[in-house]
Amino acid sequence: MEITLIILSVVFSILSGFSKAICDLSEEDKLKFHAKEFWIKNISWKNKWKNGKEKFWGSSRWFVMFTDAWHLFGLIERVGFIVTYVSIGILIMYSNWYWFMLLNYPLFALIFHLFYNSKILRKW
């Protein structure tokens, strides 16, 4: 059980950092992907609205995560944080791995900075 919780916390910490990089680059219009209306936050409103009304039922509320990358990866980031820190909480309750919690946030920050500053996602 300990190994599973450690793997879950590391994988979801990495996923959260990657998702945060996508969100920030989307907001700054620096993502290099071509489907602009999905990937760029400032113009993604076109996927939510049509003629002043919702483009489809729930497009500005319940299903907003399917209309643009900023909302989708923001949700992934938050879910990743929940899984990471719930896993660590359980790990702390049942083992002596309490120090492991100290490594997860720096891992998140490292992954964020690697992807935020890399040529993989950023247009130059």
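Trainee: What do the buried residues of α4 pack against?

Mentor: The buried residues of α4 pack against α1 (2-27) and α3 (69-94), where contact means heavy atoms within 4.5 Å, and buried means under 20% relative accessible area, with exposed over 50% and partly exposed in between (1.4 Å probe, protein chains only). Helices here are DSSP runs of H or I with at least four residues, strands are E runs of at least two, and both are numbered from the N terminus.

Trainee: Before we go on, what kind of model is this?

Mentor: This is a predicted model, in which local features need pLDDT of at least 70 and side-chain atom pairs count only at pLDDT 80 or more, while totals for chains, interfaces and linings use all residues. Residues are numbered from 1 along each chain as its sequence is written, and side-chain values use heavy atoms, with hydrogens and water left out.

Trainee: Back to α4, then. Which residues are buried there?

Mentor: In α4, the buried residues are N104, F108, I111, F112 and Y116. They cover an arc of only 120° around the axis, taken from the directions between the helix axis and the C-beta atoms, which puts them on the same side of α4.

Trainee: And which residues make up the largest nonpolar core?

Mentor: That core has 12 residues, namely A21, I22, C23, L25, L31, W39, I40, A69, F73, F112, Y116 and L121; a nonpolar core is a set of buried Ala, Val, Leu, Ile, Met, Phe, Trp, Tyr and Cys residues joined through side-chain atoms within 4.5 Å. Helices α1, α3 and α4 each supply at least two residues of this core, and α1 gives the most, with 4 residues.

Trainee: What does F73 touch?

Mentor: Not counting residues up to four places away in sequence, F73 touches F18, S19, I22, C23 and W39. There is also a second, separate core of 5 residues, which includes L5, I6, I88 and F100.

Trainee: Is D24 buried or exposed?

Mentor: D24, which lies in helix α1, is buried, with a relative accessible area of 16%. Leaving aside its neighbours within four places in sequence, D24 is in contact with F112 and Y116.

Trainee: What about K32, where is that found?

Mentor: K32 is in the loop between α1 and α2 (36-39), and at 37% relative accessibility it counts as partly exposed. With neighbours within four places in sequence set aside, K32 is in contact with K119, I120, L121, R122 and K123.

Trainee: Switching topic, what pattern does the chain follow along the sequence?

Mentor: The chain has 4 helices and 2 strands, and read along the sequence they follow the pattern α-α-β-β-α-α. Its radius of gyration is 17 Å, well over the 14 Å that the globule rule gives for 124 residues, so the chain is more spread out than a compact globule; the radius is taken over C-alpha atoms, and the rule is 2.2 Å times the number of residues to the power 0.38.

Trainee: How far does the C-alpha trace span along its principal axes?

Mentor: The C-alpha trace spans about 60 × 35 × 15 Å along those axes. As for α1, its 26 residues reach 37 Å from the first C-alpha to the last, close to the 38 Å expected at 1.5 Å a residue, where the expected span is 1.5 Å times one less than the number of residues.
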